[in-house]
Amino acid sequence: DFRRLHAYRLGRTRQALARSELGALLTFDQHNIRYISSTVIGEWARDKLIRYCLLTGNGEPWVWDFGSAARHHRLHAPWLDPTHCIAGMVGMRGAVSPRAGLFERAAREIKDILVREGVAGMPLGIDVVEPPFLFALQKEGIEVRDGQQVMLEARVIKSADELTLLNMAAAMGDGVYQDIFEALKPGVREIEIVALANK
């Protein structure tokens, strides 16, 4: 039940946030973004720090993504407020120079949301971040603290849905390893094993 899974994860995050001294969480780690927003756009985005998600107190998740992905979330993620799915792009880990001003614009946008949702005077927890984004947030007067521990606290207790998904993923991995074990023989090339594993 993916709606139940989303509600559980969002609830766990809100509980962990409420127990912290933070007013909001800003996440760039793909696993944390997926945990809060139930959105993912593929493994290619894992190390680019291009997507980010903001959650304030009892507010609803905000997700910044490539324009096409943000539109996709608005159309196909009804558990999210469509106005909270925003097209955005910042540094791509240095590929875009900080001189372009994208970090400053994003920091102002985040500050505006923090003000509107009543947590601008509280610290903002971040899991991982590009230094220019951190500096831009600080320039806006935002106190930045470690948010990763809050996310780890939220994610530590798994629901029945999460355990089911973990067992399914492990079973699929076990099945592939069994196929590889059975195919391994003298003379079999690595490319043949790779092809088998990718079936």
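Helices (H or I, at least four residues) and strands (E, at least two) are DSSP runs, numbered from the N terminus. Welcome to a short tour of a predicted model, in which local features need pLDDT of at least 70, side-chain atom pairs count only at pLDDT 80 or more, and totals for chains, interfaces and linings use all residues. Residues are numbered from 1 along each chain as its sequence is written, and side-chain values use heavy atoms, with hydrogens and water left out.

**The chain as a whole**

- The protein chain has 8 helices and 6 strands, and from the N terminus on the order of these elements is α-β-α-β-β-α-β-α-β-α-β-α-α-α.
- Along its principal axes, the C-alpha trace spans about 65 × 40 × 30 Å.
- The chain has 199 residues, of which 38% count as buried; here buried means under 20% relative accessible area, exposed over 50%, and partly exposed in between, with a 1.4 Å probe and protein chains only.
- Contact means heavy atoms within 4.5 Å. Among contacts between residues at least 6 apart in sequence, 61% join residues at least 24 apart.

**Helix 1 against helix 2**

- Two packed helices are described by the angle between their axes and the distance between the axes.
- For helix 1 (residues 2-19) and helix 2 (residues 30-37), the axes come within 7 Å and cross at roughly 110°. Axes are lines fitted to C-alpha atoms, for helices over the stretch in contact, and angles run from 0 to 180 degrees between N-to-C directions.
- Helix 1 and helix 2 are therefore roughly perpendicular to each other, on a scale where angles under 35 degrees count as roughly parallel, over 145 as roughly antiparallel, 65 to 115 as roughly perpendicular and the rest as oblique.
- Helix 1 brings H6, Y8, R9, L10, R12 and T13 to the contact, and helix 2 brings Y35, I36 and S37.
- By type, the residues of this contact divide into 4 nonpolar, 3 polar and 2 charged. Ala, Val, Leu, Ile, Met, Phe, Trp, Tyr, Cys and Pro count as nonpolar, Asp, Glu, Lys and Arg as charged, and the others, Gly among them, as polar.

**N32 in helix 2**

- N32 has its place in helix 2 and is buried, with a relative accessible area of 0%.
- Leaving aside neighbours within four places in sequence, N32 is in contact with T27, D127, Q148, M151 and R155.

**Helix 4 and its buried side**

- Helix 4 (residues 102-116) has 15 residues and reaches 21 Å from its first C-alpha to its last, close to the 21 Å expected at 1.5 Å a residue. The expected span of a helix is 1.5 Å times one less than its number of residues.
- Buried in helix 4 are L102, F103, A106, A107, I110, I113 and L114. They cover an arc of only 130° around the axis, which puts them on the same side of helix 4; the arc is that of the directions from the helix axis to the C-beta atoms.
- An α-helix has 3.6 residues a turn, so residues three or four places apart point the same way.
- The exposed residues R105 and R116 are carried on the face of helix 4 turned away from its buried side.
- The cover over the buried residues of helix 4 includes strand 1 (24-27), strand 2 (52-56), strand 3 (62-65) and helix 5 (131-139).

**Helix 6**

- In helix 6 (residues 148-155), the buried residues are V150, M151 and A154. They cover an arc of only 100° around the axis, which puts them on the same side of helix 6.
- Helix 1, strand 1 and helix 2 are among what covers these buried residues.

**Loops and the chain end**

- Most residues other than glycine have a negative phi, and most peptide bonds are trans.
- L49, in the loop between helix 2 and strand 2, has a positive phi near 55°; at 12% relative accessibility, L49 counts as buried.
- M92, in the loop between strand 4 (85-87) and helix 4, has a positive phi near 50° and is partly exposed, with a relative accessible area of 26%.
- V129 sits in the loop between strand 5 (124-126) and helix 5 and is partly exposed at 24% relative accessible area.
- Not counting residues up to four places away in sequence, V129 touches F28, L49 and L134.
- V129 and D29 are 100 residues apart in sequence and 8.7 Å apart in space, C-alpha to C-alpha.
- N198 lies in the segment after helix 8 (190-197) and is exposed, with a relative accessible area of 62%.
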